[in-house]
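Hi there,

Here is the structure I promised to pass on to you. Please open it and keep it beside this email while you read.

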Amino acid sequence: MSESSVETLSVALFSEMFMADQLARNRLSKALPKGMELSHFSVLNHLARVNEEKSPAQLAKAFHVTRGAMTNTLSKLEWAGHVHIRPDWDDARRKFVSISPSGRSARDVALLAITPIIANMVTKIGPEKVRNVLPVLREMRQLFSDLE
């Protein structure tokens, strides 16, 4: 494949990925419960899946955002009662975040709202096509992650 063909393919791939990302975020954001942002859902979903406390720095790293951005998200989640933030008993400068029962409930409600949208996409595209593209997307994610 010529260098210009690879560049054309690269531009087409990333154009489609960015547009699909933008459209998916827009659609899913509209389906989330009132007041919940996609970043809020993502953090609640992560905390529910790992089922252990995380520091704000660990969460910022996991989501590839600044500590300031994560602090802002966590402040909103704490205000809503969806997370508990406690000091590290060994080092008062550090904090730990855990999901609250209210946060689990909010995450579950949000998941119920967005799952049909995602499932509909998988059905329309076809489960076999989705299975085939997942390894490629995972490899791309890993390559980008390795760059950081």
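How many residues apart are Arg131 and Glu128 in helix α6, and why are they separated by about one helical turn? They are 3 residues apart in helix α6 (residues 127-147), so about one helical turn separates them. Helices here are DSSP runs of H or I with at least four residues, while strands are runs of E with at least two, both numbered from the N terminus.

Before going further, a word on the source: this is a predicted model, where local features need pLDDT of at least 70, side-chain atom pairs count only at pLDDT 80 or more, and totals for chains, interfaces and linings use all residues. Residues are numbered from 1 along each chain as its sequence is written, and side-chain values use heavy atoms, with hydrogens and water left out.

**Salt bridges**

Arg131 and Glu128 form a salt bridge, with their closest N and O atoms 3.1 Å apart. The term stands for a side-chain nitrogen of Lys or Arg within 4 Å of a carboxyl oxygen of Asp or Glu. By this rule there are 8 salt bridges. Arg131 is exposed, at a relative accessible area of 52%; the word means over 50%, buried means under 20%, and partly exposed lies in between (1.4 Å probe, protein chains only).

Another salt bridge joins Asp21 and Arg25, at 3.0 Å from N to O. These two are 4 residues apart in helix α1 (residues 3-31), so about one helical turn lies between them. Asp21 is partly exposed at 36%, and Arg25 is partly exposed at 44%.

Glu37 and Lys76 also meet in a salt bridge, 3.7 Å from N to O. This pair links distant parts of the chain: Glu37 sits in the loop between α1 and α2 (38-50), and Lys76 in helix α4 (residues 67-79), 39 residues apart.

**Aromatic rings**

Which rings are linked into a cluster by ring pairs? They are those of Phe14, Phe18 and Phe144. Rings of Phe, Tyr and Trp (its six-membered ring) pair if their centres lie within 6.5 Å; planes under 30 degrees apart are stacked, over 60 edge-to-face, and the rest tilted. The count comes to 2 aromatic pairs. Phe14 and Phe18 have ring centres 5.8 Å apart and planes at 50°, so this pair is tilted. Phe18 is exposed at 55%, whereas Phe14 is partly exposed at 24%. Phe14 and Phe144 make an edge-to-face pair, 5.9 Å centre to centre with 90° between the planes.

Happy exploring!
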